[in-house]
Amino acid sequence: MADMTASRSLPRINWVMLLYLLFLMLPIYWLINMSLKTNDEILGTFSLWPQNLTFQNYVTILTDSSWYMGYVNSIIYVTMNTLLSVAVALPAAYAFSRYNFLGDKHLFFWLLTNRMAPPAVFALPFFQLYSSVGLFDTHIAVALAHTLFNVPLAVWILEGFMRGVPKEIDETAYIDGYSFPRFFVKIFMPLIASGVGVAAFFCFMFSWVELLLSRTLTSVDAKPIAATMTRTVSASGLDWGVLAAAGVLTIVPGALVIYFVRNYIAKGFALGRV
Amino acid sequence: MDKTVNQKAWFLVLPVLILVAFSAVIPLMTVVNYSIQDAFAGEFYPLDDKLMWFRELLEDDRMWNALRRQAIFSATILAIEIPLGVFVALHMPKRGVWASVCLVLMSLPLLIPWNVVGTIWQIFGRVDIGLLGYTLDAVGVDYNYTQDALDAWVTLIVMDVWHWTSLVALLAYAGLQSIPDAYYQAAKIDQASRWAVFRYIELPKMMGVLMIAILLRFMDSFMIYTEPFVVTGGGPGNATTFLSIDLVKMALGQFDLGPAAAFSIMYFLVILLISWVFYTVMVNLDKREGN
């Protein structure tokens, strides 16, 4: 019977999804299209696909260290942030999912409020804080600053996944003589592996796309690719081809990560609560 | 699930607490501190009237205008993205290769750095080199997002819909996936209409995740900075100067630390208040489902 409903609504699926995906892909296609053109062609003629295909824009980025170091810097702080956020969120999420303790509900909401804090509010104090402790323009500064919104999110997601694991498993393990750390690593972690993956994915995502804080906290050594792009726009004016190529290259890591977690995406976006 | 009372759980929460205290409490205290002082040439002087900056801002139109624009923006994108996201989710293939393809393609806009999202739409909307602007111009629509306030608004809203509708759709999709086939079969036996199936089976099952969607979209749209900053820079004039853009202008542009700090606090409190309402509703929904 399920098959019948599926086949009956098939034509409609195609239309709505086709139009929606077209709407999503057109601007991205246009960016790729532009990245494969020369500046003369971009400004001179209007064409739906490149007339003289060129990879010069990509070569410019991949051979200039002030460009490609931007990607390296971004990947370094994003990785640090992801590891840090998930590592501290795991025990906390376990505590929230298993125990009642004094002030737990208030603490949970307080954590969430940090996810609600506008980065614009924190930009200046962060700048001063990290400058005063000598961390300005380091990867760890950006990684720490991004924990502001990633740790609460990771706790939220992991708590959702952990609630789905029956408590009897914990109790059985303790009766069998497992200590808490051994139980957590050996038995519990494999059970919520997909949750950990999803949490890591989200930390990666929000750290990767954020610009305001990462730009404020860096100047040269840890400058992220997103900030490199904004500087080039204002400095050299209108090098559209290179700008488009840089944009396309920022999409690649995200696309790779999505591919790996594609089967958990839907559940992940629901924060494990389905 | 029944939870046991265990105060030792605090030790498990401790790492998070220390980390977040460092990256949230210290900066927040700094902001509070600024809001009651006068910064002049790098020195701080305590204000005689502790709440002077707050009072000044509340009497000034500047913040109210930014708040009004922000509220209109957030309300508009929520009104478009939530129904559209649900609509798209209802039409997504349930399983198979196409489901994976749709999931991956739909998530793509979510992982593009926000300033690149801005750049994409900045280019896309230009009448000389952008597909959208060029096409609109060619069919005779007078469209220019750098000059015309309405065009700028439409561009930003379409951009946000492009950027974030997938999030709502994916959440709604996750909710739909959890509905057992038996429900649909029962509905078929009852000869329920498509609308009735949606209203009495699909919508209630999606409520929980939709609340998450509304909460996330509200929070993020209320904090939006990078995308409009790249596309319109807050202009033309102040037409698209939302709260964050105005705040950054005040704090980093004009370096009015006192008023900017007071602005920050009120801004944060507004988000907090509205998010708290959503959150409370969400938790109650969770509880009701649990029973």
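**View 1. A mostly covered helix in chain B.** The buried residues of helix α11 of chain B are L243(B), S244(B), I245(B), D246(B), L247(B), V248(B), M250(B) and A251(B). That is eight of the 11 residues in this helix, which runs over residues 243-253. Here, a residue is buried if 20 or more other C-beta atoms lie within 10 Å of its own, exposed if 12 or fewer, and partly exposed in between, with C-beta atoms placed from the backbone. Helices (H or I, at least four residues) and strands (E, at least two) are DSSP runs, numbered from the N terminus. Just after α11(B) comes F255(B), with a positive phi of about 55°.

A word on what you are looking at: this is a predicted model, in which local features need pLDDT of at least 70 and side-chain atom pairs count only at pLDDT 80 or more, while totals for chains, interfaces and linings use all residues. Residues are numbered from 1 along each chain as its sequence is written, and chains are lettered from A and ligands numbered from 1 in the order in which they are written.

**View 2. A buried alanine in chain A.** Find A123(A) in helix α7 (residues 119-132) of chain A. Is A123(A) buried or exposed? A123(A) is buried, because 23 other C-beta atoms lie within 10 Å. Leaving aside neighbours within four places in sequence, A123(A) is in contact with L212(A), L213(A), T216(A), V248(B) and L252(B). Two residues are in contact if their C-beta atoms, placed from the backbone, lie within 7 Å. The C-alpha atoms of A123(A) and A145(A) are separated by 9.4 Å, and these residues are 22 apart along the chain.

**View 3. Where chain A meets chain B.** The contact draws 88 residues from chain A and 81 residues from chain B. Which helix of chain A gives the most to the side that touches chain B? Helix α2 (residues 10-35) does, with 15 residues. The chain A side divides into 70 nonpolar, 10 polar and eight charged residues. Ala, Val, Leu, Ile, Met, Phe, Trp, Tyr, Cys and Pro count as nonpolar, Asp, Glu, Lys and Arg as charged, and the others, Gly among them, as polar.

View 4. Strand β1 (residues 99-100) of chain A and strand β1 (residues 4-5) of chain B pair in the parallel sense over two bridges. Strands pair if DSSP finds at least two bridges between them. Look for N100(A), which stands opposite V5(B).

**View 5. Two packed helices in chain A.** Helices α8 (residues 139-163) and α11 (residues 193-209) of chain A pack at an angle of about 155°, with their axes 9 Å apart. Axes are lines fitted to C-alpha atoms, for helices over the stretch in contact, and angles run from 0 to 180 degrees between N-to-C directions. Residues making the contact include F149(A) and L153(A) of α8(A) and V198(A) and F202(A) of α11(A). The contact residues divide into 11 nonpolar, four polar and no charged.

**View 6. A helix pair in chain B.** Helices α3 (residues 61-90) and α9 (residues 194-222) of chain B have axes that come within 10 Å and cross at roughly 145°. Among the residues that meet are F73(B) and I77(B) in α3(B), and I214(B) and F218(B) in α9(B). This contact divides into eight nonpolar, four polar and two charged residues.
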